[in-house]
Amino acid sequence: MRTRGPGVLREQNQKKVLSLLRKYRQTSRKDLAKVMGVSKNTISLIVDQYVKDGIIKEVGVKDLKGAGRPKIVIELNQNAFKAIGIAVHHNGIKYTVTDFFLNPIASGFLEVEGKDKEKVIKLVQKIVDSLLLEHPEVVGVGIGIPGIVNADEGIVYHSTNLGWKNFKIYEELKDKIAVPIIVQNNVNMASLCSDGMGDESGSKSSFYIRIGDGIGGAFTSEGHIWNGDSWTLGEIGHISVDANGPLCGCGQHGCLEKLISRKAYQEWMGHMEATGMWGSVEVKEKQIEAQLKKYGMYLGTSLINIIHLLNPGRIVIDSPYNRNEAFQHSLMAYLEKNALKIPFSKTHIHFNEEPFSQSLGAATAVVLDFERD
């Protein structure tokens, strides 16, 4: 039977202190000890060393008005640790540097042909080397890749957008980058941006769906991404929602991705314009509204599977249609009518106003990984 030595326990407590300080922003040694269930002496040893190292600072005294000794308030130096997030796209690389509270410090986009693996590797290395010189506090680099990614081994099994197959990107980069590397699917990375969202659900689990030229999904629980045994968990785009719908590249008819992706919408718009179906501005607006109502129903059909099977406390919808009330109302009406009442009542549906950043999500993955045992 494996046992945890004092060194391992100490490191776990050190990471837990950082995690709680990131969550609470300000607290005290006494409150940390209470939350973690350890002695005040254990916390004092950790905090005092962090104060000495400039990672934690004492910011004042909280007077308990005669209820006990005053508490010394402490907070994390937000620049003590930083993270780099990188998102690889078909036409370039987006990068973001954050402090430990995940506030972006720097960001940028550099063009590169995504299908050229060698050029991508060289540019990633160049970006990271440059950022590490400017931000030596960086504790890791997260890299988001479109496609099926083995996150444990850092292998891109298949990326349609990049044309990569069985590419061992971690092996290519591990000796070229001086800090730890995390490789993950880009939608999974973006989903981590919902980790700090506050809502009435108080949920610890979330399903994130991103509608773009394709459709991807991700399931997270307490900051952990669930990949599935084949690294395809969350593949909501290939749920068939219309048996009589168009043939999808996966071999099914009426896949969600084939029906409501941004590409599908653009093709529909082009067809309507080419065939002169609009007639007038009023007719055009009504037909667009009817189409988006249909999209809401299709999305609702697929999300019922998520609500019933995964039972997340929150569903985050990252969609170009979110600002259209017809789309939102159609989706919610379909779910209210067809989903099981109890799981639906416990699921908070959130419509994003702006898309989650994949590079910010990649930096978030670094911070969350750094905090873990």
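User: In a crossing of which hand does H2 pass H3?
Analyst: This is a predicted model: local features need pLDDT of at least 70, side-chain atom pairs count only at pLDDT 80 or more, and totals for chains, interfaces and linings use all residues. Residues are numbered from 1 along each chain as its sequence is written, and side-chain values use heavy atoms, leaving out hydrogens and water. A crossing is left-handed if the near helix is turned anticlockwise from the far one by less than a right angle, and right-handed if clockwise. The crossing in which H2 passes H3 is right-handed.

User: How many helices and strands does the protein have?
Analyst: Helices (H or I, at least four residues) and strands (E, at least two) are DSSP runs, numbered from the N terminus. The C-alpha atoms fill a box of roughly 75 × 55 × 50 Å along the principal axes. The protein holds 12 helices and 16 strands.

User: What share of the residues of the protein count as buried?
Analyst: Buried means under 20% relative accessible area, exposed over 50%, and partly exposed in between (1.4 Å probe, protein chains only). The protein has 373 residues, and the share that counts as buried is 47%.

User: How does H2 lie to H3?
Analyst: Axes are lines fitted to C-alpha atoms, for helices over the stretch in contact, and angles run from 0 to 180 degrees between N-to-C directions. Angles under 35 degrees count as roughly parallel, over 145 as roughly antiparallel, 65 to 115 as roughly perpendicular, and the rest as oblique. The axes of H2 (residues 29–36) and H3 (residues 40–52) come within 9 Å and cross at roughly 125°. That makes H2, relative to H3, oblique.

User: How do the residues of the contact of H2 with H3 divide?
Analyst: Contact means heavy atoms within 4.5 Å. Ala, Val, Leu, Ile, Met, Phe, Trp, Tyr, Cys and Pro count as nonpolar, Asp, Glu, Lys and Arg as charged, and the others, Gly among them, as polar. Arg29, Lys30, Leu32, Ala33 and Met36 of H2 meet Lys40, Ile43, Ser44, Val47, Asp48 and Val51 of H3. The residues of this contact divide into 6 nonpolar, 1 polar and 4 charged.

User: How do H8 and H9 lie to each other?
Analyst: H8 covers residues 262–274, and its axis comes within 12 Å of the axis of H9. The two cross at roughly 150°, and H8 passes H9 in a right-handed crossing. H8 and H9 are therefore roughly antiparallel.

User: Which residues in H9 does H8 meet?
Analyst: The H8 side comprises Ala264, Tyr265, Trp268, Met269, Met272 and Glu273. In H9 these meet Lys284, Gln287, Ile288, Gln291, Leu292 and Tyr295.

User: How do H9 and H10 lie to each other?
Analyst: H9 (residues 281–309) and H10 (residues 325–338) pack at about 40°, with axes 7 Å apart. Their crossing is right-handed. H9 and H10 are therefore, to each other, oblique.

User: How many of the 14 residues of H12 are buried?
Analyst: The expected span of a helix is 1.5 Å times one less than its number of residues. H12 (residues 358–371) should span 20 Å, and its end C-alpha atoms are 20 Å apart, which agrees. Its buried residues include Gln358, Val366, Phe370 and Glu371. H12 is largely enclosed by the rest of the structure, because the number of its 14 residues that are buried is 12.

User: Is Ser205 buried or exposed?
Analyst: Ser205 lies in strand S12 (residues 205–211). Beyond four places in sequence, Ser205 is in contact with Phe219, Thr220, Ser221, Asn311, Pro312, Gly313 and Arg314. Its relative accessibility is 13%, so Ser205 counts as buried.

User: How far apart in space are Ser205 and Phe219?
Analyst: Ser205 and Phe219 are 14 residues apart in sequence. C-alpha to C-alpha, their separation in space is 7.4 Å.

User: What is phi of Arg25?
Analyst: Most residues other than glycine have a negative phi. Arg25 is found in the loop between H1 (6–24) and S1 (26–28). At 40% relative accessibility, Arg25 counts as partly exposed. Arg25 is not a glycine, yet its phi is positive, about 70°.

User: What is the value of phi of Glu222?
Analyst: Glu222 lies in the loop between S13 (215–221) and S14 (224–226). With a relative accessible area of 53%, Glu222 is exposed. Its phi is positive, though Glu222 is a residue other than glycine, and is near 50°.
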